[in-house]
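Subject: Structure handover

Hello,

Here is the structure I promised to pass on. Please open it first, then read the notes below it.

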Amino acid sequence: MARHGLSLIDIQSAFGTEDQCLDYCEMMRWPEGVFCLKCGSDKVSKFVTNETTRERKNRKCEIVEYTMPARRLFQCNNEGCRHQFSATAGTIFADTHLPLATWFKAIGLMCNAKKGLSAKQMARDLGVNYRTAWHLNHCIREAMQSPDGLFGGTVEIDATFVGGKYDKRRKRAPYDKQAVAGVMQRTTEDHHSKVRALPVRREIASEMPNVIPQNVSTGSNLMTDEHKAYVALAKDGWKHEIVAHTKDEWVRGNVHTQGIENFWSLFKRGVIGSFHSVSVKHLHRYLNEFSFRFNNRESRDIFNMIVGNLLIGSALRYKALIAKTSIEPVLLSSSEPE
Ligand SMILES: [Zn+2]
């Protein structure tokens, strides 16, 4: 087993056929036994439809025959219901009409891609077209959500700017960059460190005082650099330690922000290295993806978590995905100087 739960070879042998994938979906979705999606009855029988030939019209309005493969279905035994459904009914897997084995391979690729995986690369690895890969990529990314809740103990706080084309003429890049706030809870006795990162407005000094209480419990021990965003923290009752980067101080005993800074460099290398360009309107998804992988880096369960989220979580529709968001689109260019 690879560190992230399942290697691609494991996935190929465990989920190479539609039947294997359906067994797994059934087990994940109904661990206590299948119940009817319509009436909730647990009196349900399984059956398999025969492969049939059907007719439909093609683009030129000619009648063509196509094969409807055998399908594994459930039927509710409740007299008044008799509802028929599949193990993936009502989930995103049913919407795409892609073989489940392709989905599962794509999830495996994303689990293992420490620096992220572009749709282009996924298209090559899976042998699907770019549009399909892009859709898989974003749906799986959407399922890589870390739980909410406040961080505590010793927490490193930092903000950074991501992307932006370097303007040679003006020798600066600030206006194309997206500000990102990050909090990292340091390793405790029973939990390794975990991170959360979110896009924020460019005005860090006024943003960070809001970000901190929304993500960190009061009484935590905060570590920051000497940015003016943090000057009032001690006054507001937080325990606060500062490293003075401007005085070339990076680590003073256990006072440092190296954890969150390492995460920034992992993220930036991933975004710049794997993706030709990342639209800012999708940036929060990339941040979620990298945080999720970081937070579950020692979990053998990461694959199950993603499949579970895709089965149970709300199916992300293509339209919703490409819908406009309030943050103005900015391309994070691969030409950004490090
Ligand atoms: Zn029913």
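Contact, as used here, means heavy atoms within 4.5 Å. Axes are lines fitted to C-alpha atoms, for helices over the stretch in contact, and angles run from 0 to 180 degrees between N-to-C directions. Helices (H or I, at least four residues) and strands (E, at least two) are DSSP runs, numbered from the N terminus. Two strands pair if DSSP finds at least two bridges between them.

This is a predicted model: local features need pLDDT of at least 70, side-chain atom pairs count only at pLDDT 80 or more, and totals for chains, interfaces and linings use all residues. Residues are numbered from 1 along each chain as its sequence is written, and side-chain values use heavy atoms, with hydrogens and water left out.

The five-stranded sheet

Start with the open sheet of five strands. Its order is β8-β7-β6-β9-β10, and its pairing is mixed. β8 and β10 stand at the edges with a single partner strand each, so one side of each has no neighbour in the sheet. From one strand to the next, the twist averages 25 degrees.

Helix α7 (residues 204-215) lies across β6, β7, β8 and β9 (221-225). Helix α7 runs at about 140 degrees to β6. Helix α8 (residues 258-274) lies across β6, β7 and β8. Its angle to β6 is about 35 degrees.

Now look at β7. Buried means under 20% relative accessible area, exposed over 50%, and partly exposed in between (1.4 Å probe, protein chains only). Why is strand β7 (residues 178-185) largely enclosed by the rest of the structure? Eight of its eight residues are buried. Q178, V180, G182 and M184 point one way from β7. A179, A181, V183 and Q185 point the other way.

β7 pairs with strand β6 (residues 154-162) in the antiparallel sense, over eight bridges. T160 has V180 in β7 as its bridge partner. β7 also pairs with strand β8 (residues 194-200), again antiparallel, over seven bridges.

The zinc site

Which residues hold the protein donors of the zinc ion? They are C36 (SG), C39 (SG), C76 (SG) and C81 (SG), at 2.3 to 2.4 Å from the ion. Donors are N, O and S atoms within 2.8 Å of the metal (3.2 Å for Na, K and Ca); water is not among the atoms, so sites may look incomplete. The site is tetrahedral, with angles of 101 to 113 degrees among its four donor atoms. Four donors count as tetrahedral if all angles lie between 85 and 135 degrees. The spacing of the donor residues in sequence is C-x2-C-x36-C-x4-C. C76 and C81 are both buried.

The three-stranded sheet

A second topic is the open sheet of three strands. Its order is β1-β4-β5, with antiparallel pairing. β1 (44-48) and β5 (84-85) are the edge strands, each pairing on one side only. Two bridges join β5 to strand β4 (residues 72-76). Q75 stands opposite Q84 in β5. Helix α2 (residues 18-29) lies across β1 and β4, at about 35 degrees to β4.

The cores

In soluble globular proteins, nonpolar side chains tend to be buried together. A nonpolar core here is a set of buried Ala, Val, Leu, Ile, Met, Phe, Trp, Tyr and Cys residues joined through side-chain atoms within 4.5 Å. The largest one has 48 residues. W103, F104 and I306 have the most contacts inside it. Among the elements that give two or more residues to this core are α2, β4, α4 (100-112) and α10 (302-312). α4 gives the largest share, nine residues.

Not counting residues up to four places away in sequence, F104 touches I11, F15, C21, Y24, C25, F93, F303 and V307. A second, separate core has 18 residues, including V200, M208, I212 and Y230.

Two loop residues

C61 is not a glycine, yet has a positive phi of about 65 degrees. C61 lies in the loop between β2 (52-57) and β3 (63-68). Is C61 buried or exposed? C61 is exposed, at a relative accessible area of 58%.

D248 also has a positive phi of about 65 degrees without being a glycine. Its loop runs between β10 (239-243) and β11 (251-252). D248 is exposed, with a relative accessible area of 61%.

Best wishes

How values were computed: Tetrahedral: all angles 85-135°; square planar, octahedral: opposite > 155°, others 65-115°.
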